Amino acid sequence: MELAKLKLLLGIVLEDASQDAFLQFIMDDVEEMVKNYCKLQEVPQGLYNTCYRMAMDIYRAEGIGEADTPLSVSSITEGDTSTSFGSSRTEWLKDTLLKDYKAQLNAYRKLRWQ
């Protein structure tokens, strides 16, 4: 993956280096996820666009680089009034991101006998 291409896809000015470390982290994370899920040593050329889409989704949904993570209500108790807050981003990443791209990733996934 190329940093410049990801910046263009996200609408970030190429000269703006303030997001580079975050974007590089996201690209490395996506590459690691794809290689682990597909059990590959390298990301094949056919999955590059999928990796860019995953990176864009992570950047937009996780708010990497934001000091304050937005919280959502995780539970409400009415008797003696109790409200709990939690971040839904981790759950989104775990439950949704791979599910959204499984069709593309499964085409490259290898079986590993253990």
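1. The sulfur of C51 lies 8.5 Å from the closest cysteine sulfur, that of C38, which is too far for a bond. A disulfide is taken here as a pair of cysteine sulfur atoms within 2.5 Å, and the structure holds 0 of them. C51 is buried at 2% relative accessibility, and C38 is buried at 0%. The classes are buried for under 20% relative accessible area, exposed for over 50%, and partly exposed in between, with a 1.4 Å probe and protein chains only.

2. The model is predicted: local features need pLDDT of at least 70, side-chain atom pairs count only at pLDDT 80 or more, and totals for chains, interfaces and linings use all residues. Residues are numbered from 1 along each chain as its sequence is written, and side-chain values use heavy atoms, with hydrogens and water left out.

3. Helices are DSSP runs of H or I with at least four residues, and strands are runs of E with at least two, both numbered from the N terminus.

4. The buried residues of α2 are L23, I26, M27, V30, M33, V34, Y37 and C38. They cover an arc of only 130 degrees around the axis, which puts them on the same side of α2. The arc is that of the directions from the helix axis to the C-beta atoms. An α-helix has 3.6 residues a turn, so residues three or four places apart point the same way. On the other side of α2, A21 and N36 are exposed. Just after the helix, K39 takes a positive phi of about 60 degrees.

5. A search of the whole structure finds 2 salt bridges, each defined as a side-chain nitrogen of Lys or Arg within 4 Å of a carboxyl oxygen of Asp or Glu. One of them joins the side chains of D20 and K7, at 2.8 Å from N to O. D20 lies in helix α2 and K7 in helix α1 (residues 3–10), so the pair ties together parts that are 13 residues apart in sequence. D20 is partly exposed, with a relative accessible area of 21%, whereas K7 is buried, at 3%.

6. E31 forms a salt bridge with K35, with the closest N and O atoms 3.5 Å apart. E31 and K35 are 4 residues apart in helix α2, a separation of about one helical turn. E31 is partly exposed at 26% relative accessible area, and K35 is partly exposed at 22%.
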